[in-house]
Amino acid sequence: MIEIKGLTKRFGNKPVVEDVSIKIQPGAITSFIGPNGAGKSTLLSMVSRLLDADTGEVLLDKNDVKKWKSDEFAKRVSILKQANFLNVRLTIRELVSFGRYPYSKGRLTIEDEQSVDQAIEYMNLTDMQDKFLDELSGGQKQRAFIAMVIAQDTEYILLDEPLNNLDMKHSVQIMKILRKLVDDLGKTVVIVLHDINFASVYSDNIVALKNGRVVKDGPTNEIINSEALREIYDMNIPVQEQNGCRICVYFNSHS
Amino acid sequence: MRNSTKLIILTVVAIICILLYGFYDIKGGFDYAFPRRMMRVGAMVITGFAIAYSTVVFQTITHNRILTPSVMGLDSMFEVVQTLIFFFAGSISIWVVNQYLNFAASIVAMVLFALILYRFLFRADKHPIYLLLLIGMILGTFLGSLVSFLQVLIDPVEYLSLQSRLFASFTNIKVELLYISIGILLLAFAYGYRIMGQLDVMSLGRENAINLGINYDRLVLNVLILSSVLIATSTALVGPITFFGLIVANLSYQFLVTYKHSVLILGAGLISVIALVGGQFIVEHIFEMNTTLSVIINFVGGIYFIYLLLKESRAAG
Ligand SMILES: Nc1ncnc2c1ncn2[C@@H]1O[C@H](COP(=O)(O)OP(=O)(O)OP(=O)(O)O)[C@@H](O)[C@H]1O
Ligand SMILES: [Mg+2]
């Protein structure tokens, strides 16, 4: 279980994440939403140890994440950043194989190869697995990085705007895969989303951030309503019910 | 061509260079000349691998392909240490006469320098590479001026003996240091063998490396010490050859397109041996000792350095 307690981060004098305390429900999808610059990526970076907090702590199974052994932590929690840039030239398969590093330390066993195959298959990349990343479109590259995280096969999967660059079909496909990882394999997914309709349709819980603070935290159906959304985004967003899903029609709304 | 084929070709060329250097035109007694030549070859192989290895790993942990420990002022630090020793203790002091003591002093100073530099420069996340380069250059110039200033104050005879130490030379190697250098290199490779996989992951960048379970800060610290010790070793053995690491590392990246450090380091090491032994052969038999290898290397290396900078800036712009 991941628990965030009183987490604060400043850049210069400006608090970017301020006194955030939340518990991530295990075996569920939790979406982080909120305007640009709200501190979502910064929060995720602190949970995944990419960034040190100024005050407060993040606990994984009651132990501070900073006290975990690096390689043990990597078998429990994985993160995909919002922007990914590589200095080296790799094929899709080579990149995805790196996802097995916490287990194989570079020497892939047959089981490792199978996990890699499966992750590539999940992301529909089997046909192009030997292509170099710099030969791919933005969305194909994004899928390759998601495949790496899936190959890492951790209990907790943190994804920062994974739907970046993806077309509708692949976005839906990835959300369905995440749902399956949670429902069938009991994984816990934390995902930053900008399209609140994906958050509404696929997540169990929503945490809304604004100016570094948590403004809403609860089950999805308590947060996807016009009133709460106004508080988060300062916009009037009508919410409509369609086939049991709540859809936010924000395209022509005014503030 | 596969990478294994390329490595075999490099090995063959390196061996040809060594044989050529060892046997070509041996005048006078074979028993006299051959062991001396082999001693030089030994020094060149050690230096070559030490510089290649330290440059590749340094560039991996700093996530760049232009800066090298030498360019960032480590070579100047060697000059500072030697000059300070001559200035305060003199050329007949134990700090000069005892090669091991001198060697130890250089290594300690260079490692400390590297750690301080790193703390300031690379730790604070993302400075643009040109800023780092500029700081390295300024630091190098500053240390260089300090050295010149002290040298003016030194007794002229002492100064000559200091000069011979500060100028890279393969004909005038310090044989006493050969064995200890081999020992250090073997230890370094033994450690390197254990962290090869971690270095491969490191080339994906800091965030991916942490995500995949690398203890980032500790690995960076260890590798930084490793690369400083290696550069200190090669500098103590033959003197500073600033741009050499830059050339061989980048040639290796270009020739062997891979992320695997075992391949990159081996390739860069073999290229080093070819360049040093082959180059020394040319210097001795074609230029007939009218120039020195370090002059040629720094000349060619400087041009290559500018080429890399231009290429980088075009890619960035
Ligand atoms: N390294 C940094 N140095 C200084 N300020 C930073 C740094 N990283 C982030 N910030 C600032 O912190 C704030 C929060 O950034 P963060 O990336 O966490 O936002 P976000 O919620 O992920 O936004 P987006 O939806 O645009 O990705 C922003 O105002 C940003 O300018
Ligand atoms: Mg963000």
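Let me start with a term: patches are made of residues with over 30% relative accessible area and no salt bridge, with like charges joined within 9 Å and nonpolar side chains (Val, Leu, Ile, Met, Phe, Trp, Tyr) within 5 Å. A salt bridge here is a side-chain nitrogen of Lys or Arg within 4 Å of a carboxyl oxygen of Asp or Glu. Accessible areas come from the Shrake-Rupley method with a 1.4 Å probe, and for residues only the protein chains shown count as cover.

This is a predicted model: local features need pLDDT of at least 70, side-chain atom pairs count only at pLDDT 80 or more, and totals for chains, interfaces and linings use all residues. Residues are numbered from 1 along each chain as its sequence is written, chains are lettered from A and ligands numbered from 1 in the order written, and side-chain values use heavy atoms, without hydrogens and water.

Chain B, then. B:Leu84, B:Phe87, B:Phe88, B:Phe149, B:Val152 and B:Leu153 make a nonpolar surface patch of about 640 Å². Helix H3 (70-88) and helix H6 (129-153) of chain B each give at least two of its residues. Helices are DSSP runs (H or I, at least four residues) and so are strands (E, at least two), numbered from the N terminus. B:Phe149 sits in H6. B:Phe149 counts as exposed because its relative accessibility is 52%; the cut-offs are buried under 20%, exposed over 50%, partly exposed in between (1.4 Å probe, protein chains only).

Now the interface. How many residues of chain A are in contact with chain B? The count is 25 residues of chain A, against 19 of chain B, with contact meaning heavy atoms within 4.5 Å. The two chains bury about 1,900 Å² between them, 60% of it on carbon and sulfur atoms. On the chain A side, A:Leu50, A:Phe98 and A:Tyr101 lose the most area to chain B, together 32% of what that side buries. Buried area is the accessible area (1.4 Å probe) that two parts lose on being put together, summed over both. The rule finds one salt bridge across this interface. B:Glu207 pairs with A:Lys81, closest N and O atoms 3.8 Å apart.

Last, inside chain A. A:Arg93 bridges to A:Glu113 at 3.0 Å, N to O. That pair links helix H3 to helix H5 (residues 110-122), 20 residues apart. A:Arg93 counts as buried because its relative accessibility is 17%. A:Glu113, at 31%, is partly exposed.
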